[in-house]
Amino acid sequence: MTIEELYRKAKYILLKAGIEDPAFDALCLIEKVFNYNRTMLIAKGDTVATDVKEKEFLDLVEKRAEFEPLQYLLGSWNFMGYDFFVGKGVLIPREDTSEVVTLCIEQAKKYQNPKILDLCAGSGAISVVLAKEIPNAEVTAVELSDKAFPYLLKNIEHNNADVKAINGDIFKCLDEFEDGYFDIIVSNPPYIIRDEIKTLQKEVQLEPSMALDGGIDGYDFYRFIISNWTSKLKQNGSMAFELGEGQMDTVKNLMAQENFADFKEKIDLGDIQRAIIGTLI
């Protein structure tokens with residue numbers, strides 16, 4: 001088959017499977033296997049694919065039709081201008097997370113040589129971008145998952161980011177960190193209500209549950225981080241979170257109880273209150 005014929009076949013298979021944007025996904029897989037972008041597909045689409053490449057491509061299409069995340073099939077994904085390796089066992093970087101990153105970049109201007117701690121770091125999307133975008137930042141990333149941690153290390157190296165990575169459990173490793181040391185603590189924690197995980201998109205359900213499950217009410221990680229990690233901040237330090245839909249007021253109240261004030265918030269493109277940062281007074 002020609003590459004154009006394979007593209008059209010993939011589009012049909014994905015459309016029939018119920019994939020949201022079959023044309024986009026098919027083109028992404030064409031680019032991965034054949035290194036053809038849209039322009040090359042138009043200009044050289046009549047090129048006949050080798051049997052090996054045809055099989056490789058159609059295997060990926062079938063996996064996508066079974067709702068394996070596109071990002072896992074591609075092996076990497078761009079976030080805020082940086083490429084991150086992803087695969088099974090690591091949460092996929094999403095545009096929503098740029099809201100909390102932007103808050104931290106703005107807040108970091110308050111501090112000289114800011115010391116930043118990223119809890120539940122996953123692929124390193126937050127910590128890597130902060131290290132690259134904030135001059136003289138000292139960034140530490142903590143991640144528990146033995147599957148996600150290698151991606152964190154790989155993405156730090158790939159992006160040449162000055163980030164110290166720690167394979168640790170945020171519920172148990174508090175004593176490894178000095179009180180009053182950090183200027184900013186940031187987290188995109190698991191925040192999905194446990195019983196709602198099974199209602200999420202099929203692709204999301206194939207991402208690691210430990211990166212999604214926020215407990216019975218979705219607030220387990222927020223409560224623990226705010227109650228226990230605040231002591232690791234300097235006075236006038238800041239704490240920032242990505243939020244799930246409808247979680248702003250509760251998280252803000254939890255932070256206020258620990259003497260955070262001067263809150264700043266960000267709304268994402270879907271009009272969801274997606275991020276918050278507060279200053280310890």
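Helices (DSSP runs of H or I with at least four residues) and strands (DSSP runs of E with at least two) are numbered here from the N terminus. The structure is a predicted model, in which local features need pLDDT of at least 70 and side-chain atom pairs count only at pLDDT 80 or more, while totals for chains, interfaces and linings use all residues. Residues are numbered from 1 along each chain as its sequence is written, and side-chain values use heavy atoms, with hydrogens and water left out.

**The sheet**

- Seven strands form an open sheet with mixed pairing, and their order is β5-β4-β3-β6-β7-β9-β8; two strands are said to pair if DSSP finds at least two bridges between them.
- The edges of this sheet are β5 and β8 (260–267), each of which pairs on one side only.
- Neighbouring strands of the sheet are turned by 15° against each other on average, with direction ignored; for such angles, axes are lines fitted to C-alpha atoms (for helices, over the stretch in contact), and angles run from 0 to 180 degrees between N-to-C directions.
- β8 and strand β9 (residues 273–280) pair in the antiparallel sense over six bridges, and within this part of the sheet Ile-267 stands opposite Gln-273 in β9.
- Helix α6 (residues 98–107) packs on the sheet, where it touches β6 (182–187), β7 (233–242), β8 and β9, and its direction makes about 25° with that of β9; contact means heavy atoms within 4.5 Å.

- Strand β3 (residues 115–119) is largely enclosed by the rest of the structure, because five of its five residues are buried; buried means under 20% relative accessible area, exposed means over 50%, and partly exposed lies in between (1.4 Å probe, protein chains only).
- Lys-115, Leu-117 and Leu-119 point one way from β3, whereas Ile-116 and Asp-118 point the other way, and all of them are buried.
- β3 runs parallel to strand β4 (residues 138–143), and five bridges join the two; along this pairing Asp-118 stands opposite Ala-141 in β4, and Leu-119 stands opposite Val-142 in β4.
- β4 is mostly covered as well, since five of its six residues are buried.
- Ser-127, which lies in helix α7 (residues 125–133), is buried with a relative accessible area of 0%.
- Leaving aside residues up to four places away in sequence, Ser-127 touches Asp-118, Val-139, Ala-141, Leu-152 and Val-163.

**Two pairs of packed helices**

- Two packed helices are described by the angle between their axes and the distance between the axes.
- Helix α1 (residues 3–17) and helix α4 (residues 51–65) pack at an angle of about 15°, with their axes 9 Å apart, and α1 and α4 are therefore roughly parallel to each other.
- Angles under 35 degrees count as roughly parallel, over 145 as roughly antiparallel, 65 to 115 as roughly perpendicular, and the rest as oblique.
- The crossing of α1 and α4 is right-handed; a crossing is right-handed if the near helix is turned clockwise from the far one by less than a right angle, and left-handed if anticlockwise.
- In this contact, Leu-6, Tyr-7, Lys-9, Ala-10, Ile-13, Leu-14 and Ala-17 in α1 meet Glu-54, Phe-57, Leu-58, Val-61, Glu-62, Arg-64 and Ala-65 in α4.
- By class, the contact of α1 with α4 has 10 nonpolar, no polar and four charged residues; Ala, Val, Leu, Ile, Met, Phe, Trp, Tyr, Cys and Pro count as nonpolar, Asp, Glu, Lys and Arg as charged, and the others, Gly among them, as polar.
- Helix α10 (residues 220–229) and helix α11 (residues 248–257) pack at an angle of about 20°, with their axes 9 Å apart, and α10 passes α11 in a right-handed crossing.
- Tyr-222, Arg-223 and Ile-226 in α10 meet Val-251, Leu-254 and Met-255 in α11, and the residues of this contact divide into five nonpolar, no polar and one charged.

**Asparagines with positive phi**

- Asn-35 has a positive phi of about 60° although it is not a glycine; Asn-35 is found in the loop between α2 (22–34) and α3 (38–44), and at 57% relative accessibility Asn-35 counts as exposed.
- Asn-160 has a phi near 50°, a positive value in a residue other than glycine, and at 65% relative accessibility Asn-160 counts as exposed.
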